[in-house]
Amino acid sequence: DPQQTELTTASKRKLRRFIVIDEVVDKLYGTKVREYFEENNVQHKILALPTTEETKSMDLVLNILHEVQSFSLDRRTEPIIAIGGGVCLDIVGLAASLYRRRTPYIRVPTTLLSYVDASVGAKNGVNFLQCKNKLGGYTPPVASFLDRSFIQSIPRRHISNGLGEILKMALMKHKGLFDLLRSHGKYLLDTKFQSCNGLADHGDAALQTTRIAIETMLEELAPNLWEDDLDRLVDFGHLISPELEMRVLPSLMHGEAVNVDMAFMTYVAHARGLLGAEEKEQILQCMRGLELPVWHSGCSWALIQRALRERLKHSGGQPRMPLPTGLGVAEIFNDTSEETLERAYELWVRD
């Protein structure tokens, strides 16, 4: 906004920034972040917090807002900066949306999952009454700053976790992305999504993969930012996983729970005759190659039934079930019978 830029540069007031950073990220990068603000002569307050699914609550939002109030933030020209994984970005987004009704904020994702998922879109939220993201809103950030160098310091399992959300977009919308994951999945895990020179066989697989994943996500989200249309391909892997993830915390990470859901739905698509046996196996083989779980003992038939009943409550009385109809193509279905679901579940458990 040119007017705000002019106000900021014309003001004699020193530049000020309020930063919320995940405490693990702070241990790794906090010194660099502080040096950056000091070098640029920016008055700053850095609040390091434990941002996990277990702490993702209104209590933490209120904790942030108390600190924001003490800092005396100018909500027009001083955006709050969130540096961390998806949980951190969600919590700070909600806090910013509540402070003075809406304060601008900037997302800086530091995990692969948040890089391709939480960085995109308008949603924010916290868990409530043991339900995932039950409280929240739609307030997009003024910017997302994407830097893959953060990803090199996260554990291998966290890389795999992020690959679950990338695979979701591949299966729903982009066969080329699916082929990239099949061909380069192990390489991407080994190199932690860093762009490495001299490896001609792989090209810049990390850049290609993340760019396509984000672009396909934006294609889906941009026309429907406020979710006025409840038929959403990006809900693939998110029908059963919210119930499963909260039930088995902390044994499954978000992307892992999503992948367990996608694996079951792949069997549902096969049971409905939408996918052939070979395509089903190619999908499961790709999941295993990305070191993602394709089954979890906590995903019982009773849990699946409960999760789908919950789905009906929040999707206008229709299941709105996204299912792959091939590799990289999908449709949304409202007519999957309980018999088909149960048959798919029995095959899934058997395999």
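How are α6 and α10 oriented to each other: roughly parallel or oblique? In this predicted model, local features need pLDDT of at least 70 and side-chain atom pairs count only at pLDDT 80 or more, while totals for chains, interfaces and linings use all residues. Residues are numbered from 1 along each chain as its sequence is written, and side-chain values use heavy atoms, with hydrogens and water left out.

Helix α6 (residues 156-173) and helix α10 (residues 254-271) have axes that come within 7 Å and cross at roughly 40 degrees. The helices are therefore oblique to each other; angles under 35 degrees count as roughly parallel, over 145 as roughly antiparallel, 65 to 115 as roughly perpendicular and the rest as oblique. Axes here are lines fitted to C-alpha atoms, for helices over the stretch in contact, and angles run from 0 to 180 degrees between N-to-C directions. Helices (H or I, at least four residues) and strands (E, at least two) are DSSP runs, numbered from the N terminus. The crossing of α6 and α10 is left-handed, that is, the near helix is turned anticlockwise from the far one by less than a right angle. Among the α6 residues that meet α10 are Arg 157, Asn 161 and Leu 171, and their partners include His 254, Val 258 and Met 262; contact means heavy atoms within 4.5 Å.

Phe 178, Leu 181, Arg 182 and Leu 189 of α7 meet Gln 282, Ile 283, Cys 286 and Gly 289 of α11.

Turning to the sheet, five strands form an open arrangement in the order β2-β1-β3-β4-β7, with parallel pairing; two strands pair if DSSP finds at least two bridges between them. The edge strands, each pairing on one side only, are β2 and β7 (143-144). Strand β1 (residues 16-22) runs parallel to β2 (residues 43-49) and is joined to it by seven bridges, with Ile 19 opposite Ile 46. Two bridges connect β4 (residues 105-109) to β7, where Arg 107 stands opposite Ser 144.

Helix α2 lies across β1, β2 and β3 (80-84), running at about 160 degrees to β1. Helix α3 (residues 58-71) packs on the sheet too, touching β1, β2 and β3, and its direction makes about 165 degrees with that of β2.
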